[in-house]
Amino acid sequence: MSVTTETSTDPVKKRPSGFTPLSARRRFADSSVKILVIASLGVALVPLVWLVVTLVANGIEPILDPEWWTKPELKGGAANAIVGTLIQTAIAAVISIPLGIFVAIYLVEYSTGKSVLARTTTFMVDILSGVPSIVAALFVYAVWRTTLGLPRSGFVVAIALVLLMVPLVVRATEEMLKIVPQDLREASYALGIPKWKTILRVVLPTAMSGIITGVMLAIARVMGESAPVLILVGSTRAMNWNPFDGNQESLPLMMVQQYNNGPGALDLVWGAALTLVILVALVYFSAKWVAKIFAPKTS
């Protein structure tokens with residue numbers, strides 16, 4: 001008796017190895033989008049490169065003179081404007097940074113988002129984020145000069161810069177605190193560590209890199225504001241280290257004053273503009289360096 005064996009066939013069809021080649025239509029769409037993105041990048045870089053080249057070409061001659069950095073305007077330099085800009089920005093930063101960080105900590109760590117105080121604070125931060133600098137300057141002028149009758153000074157400019165800087169610090173800090181994993185907080189609470197110490201020792205160090213970057217960018221943002229200095233402080237060609245007494249020059253104010261002197265002073269205008277850009281660039285790169293130092297270690 002013969003035994004017949006049946007060969008069973010595999011019900012699963014053998015699939016071809018490798019990827020199916022892309023169709024011509026998909027390759028064309030991919031290439032078109034890539035070309036469009038590169039072209040958009042080129043269009044965006046044209047005005048930026050043009051601005052930098054024009055600024056350097058017209059402003060490099062004055063700043064190459066050592067007296068530009070060491071002598072006041074009375075002696076052909078810009079040291080008084082540089083000092084005034086740094087002092088006014090430093091005062092604004094000393095007030096704005098802790099205030100903005102504390103507000104952000106309240107909104108993220110303590111507030112549930114449903115209280116009247118939290119909603120009001122968020123609404124006011126949103127409003128201040130869109131307020132033009134001229135409005136902030138006029139408000140401070142109305143309170144400082146009209147209501148209180150106090151003189152104009154560099155400190156008043158710093159107060160106006162605070163109104164512009166605080167919402168930037170709040171928003172940057174708030175976003176950085178939100179991305180801190182909740183597991184870190186819960187692990188700290190499980191060890192019996194109180195909330196305030198958890199924020200101080202766990203949450204803030206974890207978010208410190210991003211907070212510092214946001215703070216530095218906020219400083220760079222307000223450093224070049226021209227409206228507050230035009231309204232709240234008088235111009236002076238002499239050095240003034242005291243922001244609470246007398247007129248105090250700054251680089252934006254120097255640019256406006258020199259521009260009003262006619263075409264013969266345009267070199268000084270370009271020099272002051274390039275100096276301001278250099279200071280802002282130094283703040284930005286310092287932020288990158290500091291953020292890298294405080295960044296959480298991955299290994």
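Buried means under 20% relative accessible area, exposed over 50%, and partly exposed in between (1.4 Å probe, protein chains only). The model is predicted: local features need pLDDT of at least 70, side-chain atom pairs count only at pLDDT 80 or more, and totals for chains, interfaces and linings use all residues. Residues are numbered from 1 along each chain as its sequence is written, and side-chain values use heavy atoms, without hydrogens and water.

**Exercise 1.** Classify the ring pair of Phe155 and Phe244.

Solution. Rings of Phe, Tyr and Trp (its six-membered ring) pair if their centres lie within 6.5 Å; planes under 30 degrees apart are stacked, over 60 edge-to-face, the rest tilted. The structure holds 3 aromatic pairs. Phe155 and Phe244 lie 4.9 Å apart, centre to centre, with 35° between the planes. The pair is therefore tilted. Phe155 belongs to helix α6 (residues 154-178), Phe244 to the loop between α9 (227-232) and α10 (251-259). They are 89 residues apart. Helices here are DSSP runs (H or I, at least four residues), numbered from the N terminus.

**Exercise 2.** Is Phe244 buried or exposed?

Solution. Its relative accessibility is 56%, so Phe244 counts as exposed. Phe155 has 19% and is buried. Ring pairs join both to Trp144 in a cluster.

**Exercise 3.** Classify the pair of Tyr284 and Phe285.

Solution. Tyr284 is partly exposed at 33% relative accessible area; Phe285 is exposed at 55%.

Notes
Helix = DSSP H or I, 4+ residues; strand = E, 2+ residues; numbered from the N terminus.
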